[in-house]
Amino acid sequence: MSEITLYQDATHRNVLLPDASGEGLAVQANHHIVVHNEHAMLLDPGGHKVFNKIFPDLMSRLKGGIEYIFLSHQDPDIVAATNGWLMVTDATAYVSALWMRFVPHFGIDKLVEERLRPIPDEGMWLNMNGCSLALLPAHFLHSAGNFQVYDPISKILYSGDLGASLGFSGREVLDFDHHMQYMEGFHRRYMTNKAILKAWVQMVRGLDIEIIAPQHGAFFRGKPMVKRFIDWCDNLDCGTDLYASKLKMPQRP
Ligand code: FE
């Protein structure tokens with residue numbers, strides 16, 4: 001499987017697996033792994049097909065195993081294979097407290113259910129073998145209980161569905177102006193509204209970010225590109241701002 005190393009030093013690396021899903025009707029999805037001293041966090045591991053493809057390869061290379069599974073929100077492309085991952089690893093999975101009673105509808109075995117843990121609304125930090133990773137609140141972007149991961153060592157912000165692009169085949173955004181067309185439709189519909197997007201902008205402007213890596217499509221690398229994306233979010237009309245006036249009864253035939 002093709003993979004891209006986004007960051008690497010003696011003890012820490014950040015790997016992107018971009019090709020593990022998106023076959024047939026399924027939306028293309030990126031799978032990110034943060035490794036620190038051979039312990040790993042797997043982000044948004046996705047559905048069952050992805051599980052079968054990633055798992056053997058991943059386990060054969062990780063000495064310390066998967067310590068954490070991060071679930072940014074409750075969508076099937078994020079959580080569908082959570083039970084499988086919990087059954088074959090000793091990992092602890094974290095998902096918004098809002099979704100703790102919904103994820104088990106995908107099937108969570110009694111044996112592993114205590115390893116599905118809630119993220120409180122205000123977010124939290126996780127310690128992974130000496131590395132602190134922030135779970136940032138990004139509610140309503142797009143899910144009502146939604147988190148992102150900030151890794152202060154690599155300075156990567158894993159933004160989940162925010163920053164997602166559809167239909168662009170590149171892995172990295174090289175021309176922001178050209179790239180907007182691949183993000184606009186998705187963000188206008190899925191992101192809740194301008195007020196919450198601006199609140200997110202305020203929170204992340206204070207962070208030292210080298211890469212913004214979304215769960216679908218291409219990533220943004222380098223401070224100028226990161227700033228362009230954040231500025232774009234600061235000025236985007238989306239969600240309820242656009243759709244509130246459009247709700248009407250459908251025409252009766
Ligand atoms: Fe989603």
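Student: Which backbone oxygen lies 3.2 Å from a polar atom of the side chain of N30?

Tutor: That's the backbone oxygen of P214. Do keep in mind that this is a predicted model.

Student: Noted. What does the side chain of N30 pair with in a polar contact?

Tutor: With the side chain of Q28, at 2.9 Å.

Student: And where is N30, and is it buried or exposed?

Tutor: N30 sits in the loop between β2 (12-17) and β3 (31-36). N30 is buried, since its relative accessible area is 3% and the cut-off for buried is under 20%.

Student: Which residues line the largest cavity?

Tutor: N30 and P214 turn up again here, along with H32, L43, D44, F70, S72, F147, Y158, G160, A213 and Q215. Two elements give two or more residues to that lining: β11 (156-160) and β12 (211-214).

Student: What's the lining like by class?

Tutor: Six nonpolar residues, five polar and one charged.

Student: Okay, on to the metal. Which residues coordinate the iron ion?

Tutor: H73 and H142 each use NE2, while D75 and D161 each use OD. The distances run from 2.1 to 2.3 Å.

Student: What's the geometry of the site of the iron ion?

Tutor: Irregular, with angles of 82 to 168 degrees among the four donor atoms.

Student: How are the donor residues spaced in sequence?

Tutor: The pattern is H-x1-D-x66-H-x18-D. D75 is in the loop between β5 (66-70) and α2 (76-79), and D161 is in the loop between β11 and α4 (176-190), so this pair ties together parts that are 86 residues apart in sequence.

Student: Are those two aspartates, D75 and D161, buried or exposed?

Tutor: Both are buried: D75 has a relative accessible area of 19%, and D161 is at 3%.

Student: Last one. Where is L62?

Tutor: L62 is in the loop between α1 (48-61) and β5. L62 is buried, with a relative accessible area of 8%. The C-alpha atoms of L62 and N37 are separated by 9.8 Å, and these residues are 25 residues apart along the chain.

How values were computed:
Residues are numbered from 1 along each chain as its sequence is written. This is a predicted model: local features need pLDDT of at least 70, side-chain atom pairs count only at pLDDT 80 or more; totals for chains, interfaces and linings use all residues. Side-chain values use heavy atoms; hydrogens and water are left out. On a 1 Å grid over the protein atoms alone, a cavity is a set of points where a 1.4 Å probe fits but cannot get out, and a pocket is an open set with protein on both sides within 12 Å along at least five of seven lines; lining residues have an atom within 4 Å of a point. Helices (H or I, at least four residues) and strands (E, at least two) are DSSP runs, numbered from the N terminus. Ala, Val, Leu, Ile, Met, Phe, Trp, Tyr, Cys and Pro count as nonpolar, Asp, Glu, Lys and Arg as charged, and the others, Gly among them, as polar. Donors are N, O and S atoms within 2.8 Å of the metal (3.2 Å for Na, K and Ca); water is not among the atoms, so sites may look incomplete. Four donors count as tetrahedral if all angles lie between 85 and 135 degrees; four count as square planar and six as octahedral if opposite donors are over 155 degrees apart and all others between 65 and 115; anything else is irregular. Buried means under 20% relative accessible area, exposed over 50%, partly exposed in between (1.4 Å probe, protein chains only). A polar contact is a pair of N or O atoms within 3.5 Å; within protein, one must be able to donate a hydrogen and the other to accept it, and residues adjacent in sequence count only if both atoms are side-chain atoms.
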